[in-house]
Amino acid sequence: MAKPLTRADGPQSVPALLHRNASEFANAPAYREKEYGIWQSWTWSQTRDEVEALALGFLELGLDEGDFVAVIGRNRPYLYWAMIAAEMAGAVPVPLYQDANAEEMAYVMGHCGARIAVVGDQEQVDKIIEVQAQLPDFERMIYLDPRGLRKYDHSKLDQYSAVQELGRANREKHIAELEARQAKLNYDSTGVMLYTSGTTGKPKGVVLSNRNVIETAKSSSEFDNLKRTDEILAYLPMAWVGDFIFSVGQALWTGFCTNCPESAETMHVDLREIGPTYYFAPPRVFETQLTSVMIRMEDASRFKKWLFDKFMAHARKVGPAILDGKKVSAWDRAKYALGELMIYGPLKNTLGFSRVRVGYTAGEAIGPEIFDFYRSLGINLKQLYGQTEATVFITAQPDGEVRSDTVGVTCPGVELKIADNGEVFYRSPGVFVEYYKNPESTADTKDAEGWVATGDAGFIEEGSGHLRIIDRAKDVGQMADGRLFAPKYVENKLKFFPNVLEAVVFGNKRSECTAFINIDLTAVGNWAERNNIGYASYQELARHPQVMDTIQSHVEEVNRSVAEDEMLSGCQVHRFVVLHKELDADDGELTRTRKVRRKIIEEKYADIITALYDGSKQVSTETEVTYEDGRKGSIKATLEIRDAAVQPTSHQMAAE
Amino acid sequence: MERDSVKDQADSYVTDDGRTIGPTVMEMKNITLRFGGVEAIKDISFDIREGEIRAIIGPNGAGKSSMLNVISGFYVPQEGEVWYKGAQRPPMKPYQVAQQGIARTFQNIALFEGMSVLDNVMTGRLTQMKSGLLAQSLWKGKAEREEVENREIAEKVIDFLEIQAIRKTPVARLPYGLKKRVELARALAAEPTILLLDEPMAGMNVEEKEDMSRFILDVNDEFGTTIALIEHDMGVVMDLSDRVVVMDYGRKIGDGSPHDVRNNQEVIDAYLGVAHD
């Protein structure tokens, strides 16, 4: 463990933490990446040398204090170093989503006025070249992978290693300046600027100070007792605040090792090889993994399937209790130990979770069955609630108090309050400095006393003190008859079915609720294969009558469950369609973190929504789609509209 | 027989896209290949220049694959000479040709189905291995060092062709498009001077063709590998190649830039049927 540090004497910036690690844990591994089939590693002292060389190179290229450096690409140690190097040189690192299209990149880079961009490969270089005419401040690009770039005009383009060489060659010239710039960094200087994905409107640049980053890293590391020997796998987008805090903040604070996969496709193999002890994934990842386990078990021999079912039933019964350290009979413990030997252990190994000590999921609600599945295997999966503006952590579940329906208690140093309309407010050392060049939004979000509006509606559970989130505050509305409308609540229940990938519920200011459904091609496709149902495309599978029947039964089951909650019983889905295309971030329907953009969907599919409410049996529609390379096309389809059975509610009964 | 023009004899050649390609690295002179009474190739001459992408096109049965087999040493022509790197090549076994730096892929994938992708790619290095049987079976000294070096080259190729995720997968379990890519990987692992591709995109969908085209261009660009390829997809040929040889019934009926070939009336009549605009 790092020695305890206080504000007065501790490192006050991210680069200062790196220097501390380079002298204190010089030869411990800091970053690893699999390349050419082998895990290449860098120790803390090597990392410092690499980062310093790059920072000196930045100086030689003319980077000034207060400049912005855009960082774009998949998770690679070099790009993490680029962020630290930028701060060393007194600049502000701005990581961008690597799958963002050229216009999105142009907006963000133009907004912050980035002068230098450090990018992964040709794909990113091409995107920036496409929009560089719109970027007056932009000067140079530094790339990692030279592949395909040989013939490009190199007057504004440098290879990463060449910039480092440049830095090393000019060390004498710039080292004093570099050290002077680092000495000026303190708790109040900017550590990083992250753009929010923006469910509404343009992305906003969230400025996080070193105080935000370091205080958060410190308290969250202590909360979960993170150690220097921990290992994480960095695979989530670098532009997302969580990845910055895990792979830079906490990694530098505790000194654990950050591992980068070889490529996005090899993620699962790399996960198994590394066996991380600290792991984070959005619910979607856990869901996909569970689906693939279940699909593979369907193909297993009957004996194996029987064994799996039998032991999994036992695990569901006692697994979570054992994990929480509650009292479990010796016989059940023995049976669980046998299961561990035969099923749970090998399964965890296959999934790459053998060594997970602390696992988190956040971003969205996770299905109770999915959550319980992992916990029953003995994986300490917990939930946390946070956002970019809070430097991630607002609430988290402590060991032993883990449930699928809450997001935990307040993290150390965080205060919570619930407004009259149900909106959750917080105040903490992690609260962001401001939205860059946007004082109005800053004032709207953060009040003078430092309270920040989360935009989520929720309540604190009596007794346990756990926070429960219902929905986005602005999405919570009223139905025509005054009943509460909380679309996310219903959508989450729908999405807990493996067959449903995405759901959008409508009903604000209307008399009844309706829904759009996206099927999950993996799960439904597998079902189709098993039942000899042929299909040529997503569209064809989505409108298959048996698929429609299955989805209808899911909707009706959700209606039954929604009806049980008196407050929300008005949100039962009366009619639905299964959409002919997957909702996609490239079409602007989802954010890059895959959150539904309601307004855009409502406008784009207005014809289908009209049909949902005018009683028609089907609707013909044409939809524009954007391909990954930016080309546009369109899909025509005729969609069937189905009615779903709803449960009578107390409100209706009272009215009758 | 056509004779080399002045332009062809120069040390470098500028293509239609403004690319400069190098001097002749391989030359086929008056090749005739017979199977019994059938003349598969009739008195054909053409050259391959360093660093270019040379396409051989023609209708079915035109003798394209036979031509490729002559280059790779699998067939020995009855008449004519093969010149490689400025010297006439005596009749050789295919493995000797491979050792000289000519690697190929096959029209019908010829991989070791039961072996992993990595092992298949490693077989591409076999012609470069110099340690003896004993050293290799004991895996000591030179054999071990060689294995490490060869593995590194194989891994770089795997990285280049983006097949890391299937490194350990047995080839039999892969879809067709990926098998084609693994074949390319094996040929590339031999670090060839000339890469022969026999219908690299046959049976692929548009997306797979685009990927494969990208890889072929990248190989040519990144390693400077000279590429001779047979392909049926006209669009692909026109986009990829610097120069095209057109064959029909074993004869050469056209030779030149894609633009020239496209406008050659004899080629249009024999192969394309109608003029492309």
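## Domains of chain A

The C-alpha centres of domain 1 and domain 2 of chain A are separated by 31 Å, with domain bounds taken from an automatic or database domain assignment. That assignment divides chain A into domain 1 (14-263), domain 2 (283-427 + 448-472) and domain 3 (477-655).

The model is predicted, and local features need pLDDT of at least 70, side-chain atom pairs count only at pLDDT 80 or more, while totals for chains, interfaces and linings use all residues. Residues are numbered from 1 along each chain as its sequence is written, and chains are lettered from A and ligands numbered from 1 in the order in which they are written.

## Where domain 1 touches domain 2

In chain A, 14 residues of domain 1 are in contact with 10 residues of domain 2, two residues being in contact if their C-beta atoms, placed from the backbone, lie within 7 Å. On the domain 1 side, the elements that give two or more residues are β9 (205-209), α8 (210-223) and α9 (241-254) of chain A, where helices (H or I, at least four residues) and strands (E, at least two) are DSSP runs numbered from the N terminus.

Of these elements, α8(A) gives the most to this side of domain 1, with six residues. By class, this side has seven nonpolar, six polar and one charged residues; Ala, Val, Leu, Ile, Met, Phe, Trp, Tyr, Cys and Pro count as nonpolar, Asp, Glu, Lys and Arg as charged, and the others, Gly among them, as polar.

## Where chain B touches chain A

The contact between the chains takes 11 residues from chain B and 10 residues from chain A. On the chain B side, α6 (142-160) and α8 (206-223) of chain B are the elements that give two or more residues, and α6(B) gives the most, with four residues. The residues on this side of chain B divide into one nonpolar, one polar and nine charged.
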